[in-house]
Amino acid sequence: MHLAGKSQQLTVLGGRQAFAVDDGFLIGKGTYSAGSRGAWWYAPRFAFSGPGVIKLEGNPVRADIFMLESNADNDIDWGNDRPKTKFVGFDVSWFRNTPGGHGESTYADRAAYVTLTYFHVRDADTSSHYDYSARGDRNGMNVASLSWGGTLVPFRPLDISKNFTFYGSFVSQQNSHAGNGYKSVEAYGMYFEPGYRFTMLPWQPQIFYRYTRYGGNKNPNGTVKHSYDTFFLYDGRDYPEFCAVWL
């Protein structure tokens, strides 16, 4: 299709499917291979259940509209899986391609990007499995995120315009209908990750530092829950070897 004089591709995907927003800090993993699922190391499962996703892939703007469900099953995971969660939302990204890249469909091909994401939890499992859990207040939650990455700001005076990268994400979680004795949820999570590539050295090594911070309850007896819910974190993807985490 053609909008504003440019070509875009519209794709409708139904049923069970892999789906991720950027590096998966908020949305990336719909199934955890715990319990009787097996195949944790050899072939881990990531797919969400449907209904599906509508993708609009253009350059330099792309977007998704999604209505998905995490593929959780505590009957086979002995009560240790995450709560089954149905959610609906969208994400929209502005990006700049790497040379010859296809950033409209491939996250790794984006030399720089900024993404706005929002979703609403329309239903979540609130059974006795989660009475003790910080993840027990999903039902009705609204989640918004601003994420960015790559070489966003050129530092030409310092001659590091191509070698310096800066990635990050900020997530806000709000729920005015919380359970487990709480009146509401007001939580956040974020990370900042500067990096540098030493192109003057053999093999062009890179160094990164990631600072991650999650909101938490300072007063466990309060009526507002501030504990951050990691939702569908794609653990291990595009994360540096060294990082610092404050809980």
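## Briefing: an all-strand chain and its aromatic contacts

With a relative accessibility of 19%, Tyr214 counts as buried, because the limit for that class is under 20%. This residue belongs to a predicted model, in which the chain has 14 strands and zero helices. Of the 247 residues of the chain, 43% count as buried. The points below take up the fold, the nonpolar core, the aromatic pairs and the backbone in turn.

**Overall fold and surface**

- Among contacts in the chain with a separation of 6 or more, 63% are made by residues 24 or more positions apart.
- The accessible surface of the chain comes to about 13300 Å², and carbon and sulfur atoms account for 59% of that area.

**Strands S8, S9 and S10**

- Strand S8 (residues 142-150) runs antiparallel to S9 and is joined to S9 by seven bridges; within this pairing, Ser145 stands opposite Val171 in S9.
- S9 and S10 also run antiparallel, with twelve bridges between them, and the bridge partner of Gln174 in S10 is Glu186.
- The loop between S9 and S10 contains Gly179, which is partly exposed with a relative accessible area of 27%.
- Although Gly179 and Thr126 are 53 residues apart in sequence, their C-alpha atoms are 8.4 Å apart in space.

**The largest nonpolar core**

- In soluble globular proteins, nonpolar side chains tend to be buried together.
- Here the largest nonpolar core has 30 residues, and the members that touch the most other members are Phe19, Leu26, Ile27, Phe66, Phe87, Phe119 and Phe231.
- Two or more residues of this core come from each of strand S5 (61-69), strand S6 (85-97), strand S7 (110-124), S9 and S10, and the largest share, four residues, is given by S7.
- What does Phe19 touch, leaving aside its neighbours within four places in sequence? Phe19 is in contact with Ile27, Gly28, Phe48, Val53, Lys55, Asp64, Phe66, Leu68 and Asp91.
- Phe19 also belongs to a cluster of rings, in which ring pairs link Phe19, Phe48, Phe66, Phe87, Phe119, Phe231 and Phe232.

**Aromatic pairs and charges over rings**

- A search of the whole structure finds 21 aromatic pairs.
- One of these pairs is formed by Phe166 and Phe192, whose ring centres are 6.4 Å apart and whose planes are at 0°, so the pair is stacked.
- This pair links distant parts of the chain, since Phe166 lies in strand S9 (residues 164-175) and Phe192 in strand S10 (residues 184-197), 26 residues apart.
- Phe166 counts as partly exposed at 29% relative accessibility, and Phe192 counts as partly exposed at 30%.
- Tyr214 and Tyr228 have their ring centres 5.1 Å apart and their planes at 10°, so this pair is likewise stacked.
- The tyrosine pair also links distant parts of the chain, with Tyr214 in strand S12 (residues 210-214) and Tyr228 in the loop between strand S13 (224-225) and strand S14 (243-246), 14 residues apart.
- Tyr228 counts as buried at 9% relative accessibility, and Tyr214, at 19%, counts as buried too.
- Two arginines have their charged ends over aromatic rings: that of Arg210 sits over the ring of Tyr191, 3.6 Å from its centre, and that of Arg110 sits over the ring of Phe95, 6.0 Å from its centre.

**Backbone features to note**

- Most residues other than glycine have a negative phi, and most peptide bonds are trans.
- A cis peptide bond joins Gly50 and Pro51, with omega about 20°, and Pro51 lies in strand S4 (residues 49-57).
- The peptide bond from Asn59 to Pro60 is also cis, with omega near 20°, and Pro60 is placed in the loop between S4 and S5.
- Trp203, although not a glycine, has a positive phi of about 65°; Trp203 lies in the loop between S10 and strand S11 (206-208).
- Is Trp203 buried or exposed? At 85% relative accessibility, Trp203 counts as exposed, because the limit for that class is over 50%.
- Gln204, in the loop between S10 and S11, likewise has a positive phi, near 45°, and is partly exposed with a relative accessible area of 38%.

Terms used. Residues numbered from 1 in each chain as written. Predicted model: local features only at pLDDT ≥ 70, side-chain atom pairs only at ≥ 80, totals over all residues. Heavy atoms only, no water. Phe/Tyr/Trp six-rings, centres within 6.5 Å; stacked < 30°, edge-to-face > 60°. Buried < 20%, exposed > 50% of the residue type's maximum accessible area, 1.4 Å probe, protein only. Lys NZ or Arg CZ within 6 Å of the ring centre and 35° of its normal. Core = buried A, V, L, I, M, F, W, Y, C linked by side-chain atoms within 4.5 Å. Contact = heavy atoms within 4.5 Å. Areas by Shrake-Rupley, 256 points an atom, 1.4 Å probe, with all protein chains shown as cover. Pairing = 2+ DSSP bridges.
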